[in-house]
Amino acid sequence: MPMNSQKDYSQKIKAEIELAQGKLAEFKTQPRSLTVEDRIQHIRRIEELERRIVDVRAKWNELEGARDDHMWRQMRGYVENIWKVLQDEIHETITDVQS
């Protein structure tokens, strides 16, 4: 993938990461009719997801530093998989509490 496309792709993913962080932050502060124990567990789950988002962002930053096209593609696949799993978990967390 040409360097410009790599940069564009990375910017797209970073925008997705920022959006996910915003959704979690907003979701975390919304009032819920949960027991105190469930609320504490809910907040801990969200905070864990937030930490993992920070980790994914760091991996994308590493990816941007990859100069070799082959290495970039390999790392991209790895980081994309991590990001996809995390997106699914974020969706599941929000859905679990809303239902």
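Modeller: The largest nonpolar core has 19 residues, and those that touch the most other members are Ile-17, Ile-53, Trp-60, Trp-83, Leu-86 and Ile-90. At least two residues of this core come from each of helix H1 (3-29), helix H2 (36-64) and helix H3 (69-98). This is a predicted model, and every value here is computed from it.

Setting aside neighbours within four places in sequence, Ile-90 has contacts with Ala-20, Leu-24, Leu-49 and Ile-53. Of these, Ile-53 is also among the core residues that touch the most other members. As a general background, nonpolar side chains in soluble globular proteins tend to be buried together.

Trp-60 forms one aromatic cluster with Tyr-9 and Trp-72. The count of aromatic pairs comes to two. Tyr-9 and Trp-72 make an edge-to-face pair, with 6.2 Å from centre to centre and 75 degrees between the planes. This pair links distant parts of the chain, since Tyr-9 lies in helix H1 and Trp-72 in helix H3, 63 residues apart. Both partners fall under the 20% cut-off for buried residues: Tyr-9 counts as buried because its relative accessibility is 17%, and Trp-72 counts as buried because its relative accessibility is 1%.

The protein chain contains three helices and zero strands, and its pattern along the sequence is α-α-α. Among contacts with a separation of 6 or more, 71% are between residues 24 or more positions apart. The C-alpha trace spans about 50 × 20 × 15 Å along its principal axes. The radius of gyration is 16 Å, whereas a compact globule of 99 residues would have one near 13 Å. Buried residues make up 25% of the 99 residues. The chain exposes about 6,600 Å², and carbon and sulfur atoms supply 52% of that area.

How values were computed. Residues numbered from 1 in each chain as written. Predicted model: local features only at pLDDT ≥ 70, side-chain atom pairs only at ≥ 80, totals over all residues. Heavy atoms only, no water. Core = buried A, V, L, I, M, F, W, Y, C linked by side-chain atoms within 4.5 Å. Buried < 20%, exposed > 50% of the residue type's maximum accessible area, 1.4 Å probe, protein only. Helix = DSSP H or I, 4+ residues; strand = E, 2+ residues; numbered from the N terminus. Contact = heavy atoms within 4.5 Å. Phe/Tyr/Trp six-rings, centres within 6.5 Å; stacked < 30°, edge-to-face > 60°. Rg over C-alpha atoms; globule rule 2.2 N^0.38 Å. Areas by Shrake-Rupley, 256 points an atom, 1.4 Å probe, with all protein chains shown as cover.
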